[in-house]
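Please work through each task before reading its solution.

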Amino acid sequence: MDLILLIQNFSSIKSLKFKFISILLVIPLSLILFSCNQEEKNKELPIIILDSTKAGFEISIKEWQILGPFPDDTTRFTQSDLSTENPGLFCDYLKDFRLSEGCIEASDIVSISKSKSTHVEQLTNEFTNRSVNDTNRYFYFSNIFKRKENTTCYAFCEIYSPKEQDVLFVAGMDDGMIAWLNNKVIISKAKMGGILEYQYMVVAHLNKGKNLFYAKVYNIHYDWGMFINIYSLTAAKDILSKNNSLKILDNWIYHTGDSLNFNIALFASPSQKCKLIISDHLKNIVLIKNEKEKRILNINMFQFKKGVYSAKICTDTINYEQSFYYGNDADSLLPGYISKSRQYKDEKTKINLNALIIRYKHLIDPENKKLEDPTWQSKLVFVIQELEDVFNDLEHRKDAFKHKIGKHLRGFLSEIDNQEQFYKIYIPHKYGNGSKPLPVVVFVPFETAPTRPFLKSFHVANLNIEQEQIQASEKYGCILLWINSRGGYSLENPIETTDYFEVLKAVREDYNIDENRIYLTGMCSGGLSSLTLGMRYPSLFAAIGIFSPITHLNKVAKSFLPIQNETADVWFEQNTPLRFTGNYLNLPIYILHGNKSEVPEKQSLEFVDNCRKNNVNPYFKITYDDKNPEITSTDYTVFDFFKEKQRNSNPKIIDFSTTQLKYNRAYWVTIERLISFSEKAKIRAEYEQNNTIKVETRNIAKISIQLTDLGINRTRPVKVIANGKTVFNQLAKNNSISVDITPETSDYDLYKNHDIEGPVMHAFSKGFILADCENSIISGKDKMSAPCDSIYCAWKRDYFVEGCRYKKAAQINQEDINKLNLVLIGNPENNSLIKNVITNIPLKFYADSIVLCGKVYKGRDLGIEMIYPNPLNRRKYIVMVGSNNWENFTIPQTNLSTEGWYDFVIFEKASDQLWNIIDVGYFDNNWQHLISLVN
């Protein structure tokens with residue numbers, strides 16, 4: 001019995017012990033859970049504490065609450081977003097958590113989790129909301145996330161200020177940033193490129209206690225990061241003495257009832273006087289205030305009339321100026337401007353006014369209109385100020401465009417298609433009245449996707465890069481010129497060259513430029529275009545400075561060609577700078593290549609290696625700076641390189657190669673005729689003493705030599721030794737001499753020459769007109785034929801113009817024939833011009849074939865595109881676009897100005913959207929025989 005009781009008691013004790021242990025386990029667990037809940041409840045954003053004991057403090061924010069990443073979601077982007085390099089920057093991803101940028105609290109941020117997102121499917125496994133401390137100089141998101149391409153991230157903190165005060169925020173970012181202080185935007189920079197110190201600065205007001213600060217940073221590719229420093233106004237003085245990117249005002253547009261606030265303490269010490277000057281757009285002073293005691297000025301504008309004003313703060317050492325608009329109608333002035341512009345009939349005036357009106361329309365389009373965005377405001381105020389200035393000059397019968405200082409949007413009427421083209425120019429204050437010519441730095445645009453009209457493009461819209469370039473202009477005293485280049489669409493073909501020369505011609509009409517100091521600069525494909533212009537016209541430029549350039553044109557060819565054909569490589573080999581590096585012998589070149597650039601550094605390495613093999617020694621550097629891996633043309637070192645460099649007009653030695661006579665001149669030597677079109681032509685010419693010139697040539701039949709700049713003694717014979725043989729030895733009667741290297745033996749009267757050489761795209765680099773067939777089964781007598789309509793519409797689409805010259809063939813007159821290249825569309829049966837010229841060109845149409853230069857191509861659905869000297873005017877082209885079966889005829893290439901890299905192509909229609917290339921190639925030097933690249 002006692003044993004049983006003992007066992008029962010033991011069991012009870014054991015049970016009691018188990019319960020006690022359980023209680024002991026539960027209590028700590030509860031405490032842990034309670035502690036976790038408290039930790040979650042008390043979780044705060046990182047706090048940055050300002051040191052109130054120092055008057056000149058500087059703090060770098062190293063710890064952030066990171067929220068992200070957010071990959072691009074194109075379904076949520078507007079057209080305006082997509083027009084920038086940083087579309088994700090303008091998408092409010094906080095809305096996914098039922099929050100909103102500009103109206104959040106610190107407690108909202110710490111409560112965010114992935115599961116609360118309404119777009120959780122868009123988030124990656126890397127998504128986080130946590131505190132990160134990075135002690136490096138720059139804070140890099142790319143050290144946190146694997147996903148970096150086209151991605152956005154938020155960074156939050158709180159700034160504790162022991163008192164109410166103004167401070168200076170200094171920011172740098174890779175790539176774009178928007179930053180808020182207490183839910184007010186203080187920084188908005190859509191840009192592309194690496195972090196630069198002291199890149200952007202803004203004065204902002206801190207409340208006493210905690211201030212919520214957060215930034216959103218967007219990355220395009222490669223490194224991704226930012227830095228934010230905070231300076232007291234005392235410490236900011238030193239920064240301001242080195243950098244003038246600070247804004248005087250927070251906005252550019254002010255409405256009725258608004259006031260202007262100026263923080264004088266930032267610009268002058270307490271012992272300095274500071275003058276505030278406000279002027280209207282006519283330069284009339286409407287307000288002057290001299291201040292020493294007041295540190296903050298508040299200007300009530302109730303007496304101001306609506307319009308554009310300029311605010312200037314002047315101290316003993318620094319002047320700052322900013323324009324602004326006062327009134328409630330800044331975005332609705334367009335009808336009045338259009339009405340005013342109609343009063344002026346002068347072509348130049350109409351085009352230049354139209355440039356500004358087009359830009360104005362673009363900015364106020366609902367897709368682009370951002371009334372509260374300071375950057376958008378600044379763009380609109382610039383256009384309004386320009387229009388007001390132009391109209392004022394016109395009303396007072398002054399020249400509205402000549403010798404005008406500052407930034408301007410301008411235009412001209414292109415000889416190519418009789419359509420308006422536009423460019424941007426900046427004239428530094430050192431220009432004065434234009435009594436002394438200034439050098440010109442030409443920014444050759446890189447290709448963007450999608451291609452946009454120039455006035456709506458990245459090259460006009462990106463004010464951040466532009467501002468840095470303008471600072472360089474003022475520092476180095478050079479004119480900046482941004483050319484259109486038909487939207488960068490031309491792939492180094494002749495139309496791009498024509499655009500450049502037409503822009504420069506328009507600039508010469510208004511400004512005094514130094515022809516001996518014209519410099520080319522660009523990045524990526526803009527670097528390629530710069531090299532190409534220099535390769536073709538080495539004697540026109542003083543230097544080239546480029547950044548991460550493409551140099552191997554044939555490597556990228558096929559991604560642009562609609563005809564995926566190996567034969568296209570011939571054209572690209574003939575036009576890639578890599579093959580013609582000797583042409584740069586007398587042209588200084590500067591290349592910076594970022595080791596993390598989208599263009600492989602191997603391209604620059606091979607180009608530089610080829611240069612050195614030809615005794616050309618460009619300045620070349622690969623930057624491995626992780627802080628700034630993407631070098632752009634805002635790098636000031638290129639302006640240092642350009643400084644003092646002048647065009648070499650009469651070098652003693654010339655090394656020049658070409659495959660095209662349209663690009664046949666280098667300094668004092670011109671190649672007049674080739675032996676074989678299919679081979680590279682090369683000349684090395686050296687001027688020696690005693691009136692002797694030695695030349696070594698390959699594939700050259702004839703040259704001419706300009707004697708004017710060589711210091712030739714005209715009283716003595718000039719001796720030319722070519723390939724070891726004396727070919728000229730007599731007195732020179734003229735300023736140039738013509739020398740036959742290889743005596744002419746051919747009886748042909750047609751030769752490929754500087755003006756008439758092909759390929760098809762060359763016809764579209766000069767004035768041209770579409771001459772359509774008179775009767776068309778497809779579209780009716782009075783309408784465009786389908787092939788003509790395709791060419792016409794492609795021109796409008798790709799070049800953003802109203803169209804190009806067009807007539808029915810019967811309407812073409814003698815003036816058209818004298819001045820323009822003719823694009824003949826049809827065949828002898830339906831186009832009177834084709835019927836007229838067909839007997840004088842080596843082309844025949846038959847029902848079952850097409851015969852070209854005696855070569856028969858069999859087929860009943862054949863098409864042809866070809867270029868040939870116009871039998872009615874040998875100084876111009878005809879481009880034939882025809883078929884032996886017109887009823888079913890369509891064309892594979894619609895923009896022949898970019899796709900017509902050949903002299904001829906024969907194709908056969910296989911289906912509505914498919915053509916078989918039968919043959920493609922070039923004519924020989926005499927336009928009589930075919931050089932086929934297929935058979």
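**Overview of the model**

Of the 935 residues in the chain, 57% count as buried, where buried means under 20% relative accessible area, exposed over 50% and partly exposed in between (1.4 Å probe, protein chains only). This is a predicted model, in which local features need pLDDT of at least 70, side-chain atom pairs count only at pLDDT 80 or more, and totals for chains, interfaces and linings use all residues. Residues are numbered from 1 along each chain as its sequence is written, and side-chain values use heavy atoms, with hydrogens and water left out. The chain contains 20 helices and 47 strands; helices (H or I, at least four residues) and strands (E, at least two) are DSSP runs numbered from the N terminus.

**Exercise 1**

Determine how the rings of F70 and F97 are arranged.

*Solution.* Begin with the definition: rings of Phe, Tyr and Trp (its six-membered ring) pair if their centres lie within 6.5 Å; planes under 30 degrees apart count as stacked, over 60 as edge-to-face and the rest as tilted. The structure holds 51 such aromatic pairs. For F70 and F97, the centres are 6.3 Å apart and the planes stand at 75°, so the pair is edge-to-face. Next, locate the partners: F70 belongs to strand 3 (residues 63-71), while F97 lies in the loop between helix 2 (79-82) and helix 3 (106-110). The two are 27 residues apart, and their pair links distant parts of the chain.

**Exercise 2**

Describe the pair formed by W795 and Y799.

*Solution.* The centre-to-centre distance is 4.6 Å and the angle between the planes is 75°, an edge-to-face arrangement. Both W795 and Y799 lie in helix 17 (residues 786-799), 4 residues apart, about one turn of the helix. W795 is buried, with 3% relative accessibility, and Y799 is buried with 4%.

**Exercise 3**

Which residues form one aromatic cluster with F70 and F97?

*Solution.* The cluster consists of F70, Y93, F97, F127, Y154, F156, W180 and Y214.

**Exercise 4**

Which ring does K424 lie over, and which ring does the charged end of K680 sit over?

*Solution.* Apply the criterion: a charge sits over a ring if NZ of Lys or CZ of Arg is within 6 Å of the ring centre and within 35 degrees of the ring normal. K424 lies over the face of W482, 4.2 Å from the ring centre. The charged end of K680 sits over the ring of F580, at 4.8 Å from its centre.
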